[in-house]
Amino acid sequence: MRSMPLTFCAAAAAALIAVPAPAALASPAAPAGDDDRRTGTVSVTPSTIAPGGKVELWVDVCGKGREATGNSDAFSSEARFRPADDGLFAEARIRDDAEPRSYDVWVTCKDGRGKATGTLTVVHHKRPSPAAPVKAGGGGAATLAERSAEVEAEGPGTRHAVIGLVLAAVAAVAVALRTSRRRRDPAGS
């Protein structure tokens, strides 16, 4: 029974010993000088964008006053960085034919000693479009009013003429039948 708490304590001690080991084995960060290679991360704003949109890119790996270029399979052209308050800044336009997925962004300092990477996601937004253009002030009724005005401008067509003739014929037959009944039976009226 006493072996269970002993096993638990041994496992906890081993975990505490193992956790700091990777931090101790990691190499110390080199001071940022002109003679070393620097790596960093590209900040992409917004990180999710539709084709044709623009993103802002920020990077501080090259240092102030330096130059860099940025590339991505999603960009329509290479992004050229310029000095800004907190490092380097650039804008990039997303290709109109960019597929919806994640894309890598990589920046290379002009001196060749610094690089930065990041990601952005291209999404396609399906925007609802109206079935017919809406006229101002009429809403959906404007389309119906337009169609009604077209019909009025055309006047009666062949269909209307045929229906009118049929109704006139039915009315003439009804009047003739009623008149013939009255002549036969003068007392029934």
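Reader: Is F89 buried or exposed?
Author: F89 is buried in this predicted model. Its relative accessible area is 10%, and buried means under 20%.

Reader: How many aromatic pairs turn up in a search of the whole structure?
Author: The search finds one aromatic pair. W58 and F89 form it, and the pair is tilted.

Reader: What are the distance and the angle there?
Author: The rings of W58 and F89 are 4.7 Å apart, centre to centre, with 50° between the planes.

Reader: Which strands do W58 and F89 lie in?
Author: W58 lies in strand β4, residues 54-59, and F89 in strand β8, residues 87-93. The pair therefore ties together parts that are 31 residues apart in sequence.

Reader: And how does W58 count, at its relative accessibility?
Author: W58 counts as partly exposed, at 32% relative accessibility.

Reader: Changing topic. Which residues form the nonpolar patch on the surface?
Author: That patch is formed by V162, V166 and V170. Together they have about 250 Å² of accessible area.

Reader: Where does V166 lie?
Author: V166 lies in helix α4. V166 is partly exposed, with a relative accessible area of 47%.

Reader: What about charge: which residues form a positive surface patch?
Author: R178, R181, R182 and R184 form one.

Reader: Where is R184 found?
Author: R184 is found in helix α4, which covers residues 158-184.

Reader: Why does R184 count as exposed?
Author: Because its relative accessibility is 68%, and exposed means over 50%.

Methods:
Residues numbered from 1 in each chain as written. Predicted model: local features only at pLDDT ≥ 70, side-chain atom pairs only at ≥ 80, totals over all residues. Heavy atoms only, no water. Patch = residues over 30% accessible without salt bridge, like charges linked within 9 Å, V, L, I, M, F, W, Y side chains within 5 Å. Areas by Shrake-Rupley, 256 points an atom, 1.4 Å probe, with all protein chains shown as cover. Salt bridge = Lys/Arg side-chain N within 4 Å of Asp/Glu carboxyl O. Lys, Arg positive; Asp, Glu negative; His and termini not counted. Charge placed at Lys NZ, Arg CZ, Asp CG, Glu CD. Helix = DSSP H or I, 4+ residues; strand = E, 2+ residues; numbered from the N terminus. Buried < 20%, exposed > 50% of the residue type's maximum accessible area, 1.4 Å probe, protein only. Phe/Tyr/Trp six-rings, centres within 6.5 Å; stacked < 30°, edge-to-face > 60°.
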